[in-house]
Amino acid sequence: MVCPRCITVISSEMEALGVVFEIDRLGEITIFGHGQVDMAAVKQVLAKHGFELIQDKDELLAEQVKLAVLDLVQGNVTTNLRNSDYIAQRVGQSYSSLSKTFSKREGVTIEKYLILQKIEKVKELLEYGEMNLSEIARKLGYSSVHHLSNQFKSVTGLTVNQYKDSGNRERSSLDKV
């Protein structure tokens, strides 16, 4: 929930419920006076708009990891840190701990999740047709076009050219991979 429209909608809904809250830069809501708030009503309002209430600690950590991965893939951060170090620093926990929690919760490792997100971003960039494969590889931090191509085929079952020629532009939502 980081787009301005989402924040506006949820803010007005929370205000209508009389909830005292704060929305941070990542779109997370902190609810004050939690004991006096009808959390079932909050959950219902969020669900009405396609959002969910996250109260489980492990689920929250998994969502924080996903946000960090999406920022890396979307190019929203520039860092000299390794991806694992950036994610650990961003979430504020050791990568080992995050990795165990994420894998248990999501059924996929953080590394595999990152690869899946990158491949979805490659598909998106191929759709736009504004960059060649070398530029895409560079943008997404691949060591070479060959490495990107191998990962693309491993994930999709198609070479990049087969994907472009197939006309099957099926993509997964970046937050649903």
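Q: How many aromatic pairs does a search of the whole structure find?
A: The search finds 2 aromatic pairs. Keep in mind that this is a predicted model.

Q: Why do Phe102 and Tyr113 count as an aromatic pair, and what makes it edge-to-face?
A: The ring centres are 5.4 Å apart, and the limit for a pair is 6.5 Å, so the two rings qualify. Their planes stand at 65 degrees; angles over 60 count as edge-to-face, so that name applies.

Q: Which parts of the chain does this pair link?
A: Phe102 belongs to helix H5 (residues 95-106) and Tyr113 to helix H6 (residues 110-128), with the two residues 11 apart.

Q: Are Phe102 and Tyr113 buried or exposed, and how do you know?
A: Phe102 has a relative accessible area of 1%, and Tyr113 has 1% as well. Buried means under 20%, so both residues are called buried.

Q: What makes Phe152 and Tyr163 an edge-to-face pair?
A: Here the centres are 5.4 Å apart and the planes 70 degrees apart. The distance is within 6.5 Å and the angle is over 60 degrees, so this is an edge-to-face pair.

Q: Why can this pair be said to tie parts together?
A: Phe152 lies in helix H8 (residues 145-156) and Tyr163 in helix H9 (residues 160-166), so the pair ties together parts 11 residues apart in sequence.

Q: Why is Phe152 called buried, and why Tyr163?
A: Phe152 has 0% relative accessible area and Tyr163 has 2%. Both values are under 20%, so each residue counts as buried.

Definitions and conventions:
Residues numbered from 1 in each chain as written. Predicted model: local features only at pLDDT ≥ 70, side-chain atom pairs only at ≥ 80, totals over all residues. Heavy atoms only, no water. Phe/Tyr/Trp six-rings, centres within 6.5 Å; stacked < 30°, edge-to-face > 60°. Helix = DSSP H or I, 4+ residues; strand = E, 2+ residues; numbered from the N terminus. Buried < 20%, exposed > 50% of the residue type's maximum accessible area, 1.4 Å probe, protein only.
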